Amino acid sequence: MDVSRTTRSALAAALLLLLPLAGCAGHDSSSPPGAAELSSTRTHTQSRENNATRYVLAISVDALNAHALDRLGRSGAPNFHRLMTQGADTLNARTELERTLTLPNHTGMLTGRRVSKASGGHGVDFNHDNHRTVQQNAGHPVASVFQVVHKRDRSTALFASKSKFAMFQRSWPRSIDRFMIATDNRRLVTAVRGDLVRHRRAFTFVHLSHPDDVGHAKGFMTTPYLRAVRDTDRRLGELLRTADRHPVLRDHLTIVLTSDHGGAGRGHGDASDFTNYRVPFIVWGAGVRPGARLYDLNDDFASPGFSRPTYRPVRQPIRNGDVANLSLSLLRMPAVPGSEHDRSQTLVVR
Ligand SMILES: [Zn+2]
């Protein structure tokens, strides 16, 4: 940890002591005072840092081909590359085995379950809102990351850019404190930025659809698709600016970014296609080792090469469905009841 980071941690720790509302579900808290106002406060200790309230921002970029980040490079996607350089990442994570579709994979990210309901999965194996709940589709109770957080009196939010995400609000109505759907990704991110500053939510999930929308219309990995990823990089930059400007977020927020699937041609429905089942998984911010490769940090997980491992091997690939239990682990909370992906919360980021 460098000196400036330590100083920032000290300021943030002091801020947290001065913010009794931090982390309280359902309470507003105004923007914290600027760092300059507290520049004389240097009472940081390591234990205080370890005990500080944490925040997780999970971002799912719909249809983010890992290859697109290579193609665009640092100049074309500076914010994605910032997360990779400063965070711990892999461009070779996996989707749910059974489906490379939006709703099944997001249900996996929120519940930590596989798809197949016969083996305890969440049962959402289709890609439209059928106006039922996840539990009704599964035929058994299905808990979510929102419930675990909410049960500990901390607040949650879900911001999505497709209307079918209404299924999640219907499934966990009491534990999602703020729910918003806006198809305009820019408008959605503006709302997220305001929410991050005004509310100290433990867990915020953001879904950005733009690359998927353009991929279906113009083809994945085409020039218009890459332009959409570039555009999403700007949205990510806006979120990072908010984190940079607010000491509490800067020192105590962790971002977990992944995707629901890739895409080839005009679709992504073939779950046996490498381009569809390979996704990035990037973790950045508080508690993350800068510049680390996730598979190097995690001997319990195995990089799958080009393969598509089943759920049988003990050493699983990192999957987008690990979002749920990794986020809870970062918040020092237990795994989602009934979850399957990294249920023992062994995935580490430092
Ligand atoms: Zn999708």
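Visitor: Which residues are the protein donors of the zinc ion?

Guide: They are Asp 62 (OD), Thr 102 (OG1), Asp 260 (OD) and His 261 (NE2), lying 2.0 to 2.1 Å from the zinc ion. Donors are N, O and S atoms within 2.8 Å of the metal (3.2 Å for Na, K and Ca), and sites may look incomplete because water is not among the atoms. Please keep in mind that this is a predicted model, where local features need pLDDT of at least 70, side-chain atom pairs count only at pLDDT 80 or more, and totals for chains, interfaces and linings use all residues. Residues are numbered from 1 along each chain as its sequence is written, and side-chain values use heavy atoms, with hydrogens and water left out.

Visitor: Why is the site of the zinc ion called tetrahedral?

Guide: Four donors count as tetrahedral if all angles lie between 85 and 135 degrees. The angles among the four donor atoms here are 95 to 134°, so the site is tetrahedral.

Visitor: What spacing do the donors of the zinc ion follow along the chain?

Guide: The spacing is D-x39-T-x157-D-H. Distant parts of the chain are linked by the pair Thr 102, in helix 5 (residues 102-111), and His 261, in the loop between strand 6 (253-258) and helix 13 (274-277), 159 residues apart. Helices (H or I, at least four residues) and strands (E, at least two) are DSSP runs, numbered from the N terminus.

Visitor: What makes Thr 102 count as buried?

Guide: Buried means under 20% relative accessible area (1.4 Å probe, protein chains only). Thr 102 has 0% relative accessibility, so Thr 102 counts as buried. His 261 is buried too, with a relative accessible area of 0%.

Visitor: How many residues of helix 5 are buried?

Guide: Helix 5 is mostly covered, with 10 of its 10 residues buried. Among them are Leu 103, His 106 and Met 109. Gly 112, with a positive phi near 70°, follows helix 5.

Visitor: Why is helix 4 called oblique to helix 11?

Guide: Helix 4 (residues 78-86) and helix 11 (residues 223-245) pack at about 55°, with their axes 7 Å apart. Angles under 35 degrees count as roughly parallel, over 145 as roughly antiparallel, 65 to 115 as roughly perpendicular and the rest as oblique. That angle therefore makes helix 4 oblique to helix 11.

Visitor: Which residues of helix 4 meet helix 11?

Guide: Pro 78, Asn 79, Phe 80, Arg 82 and Leu 83 in helix 4 meet residues of helix 11, including Val 229, Asp 233 and Leu 240. Contact means heavy atoms within 4.5 Å.

Definitions and conventions:
Four donors count as tetrahedral if all angles lie between 85 and 135 degrees; four count as square planar and six as octahedral if opposite donors are over 155 degrees apart and all others between 65 and 115; anything else is irregular. Buried means under 20% relative accessible area, exposed over 50%, partly exposed in between (1.4 Å probe, protein chains only). Axes are lines fitted to C-alpha atoms, for helices over the stretch in contact, and angles run from 0 to 180 degrees between N-to-C directions.
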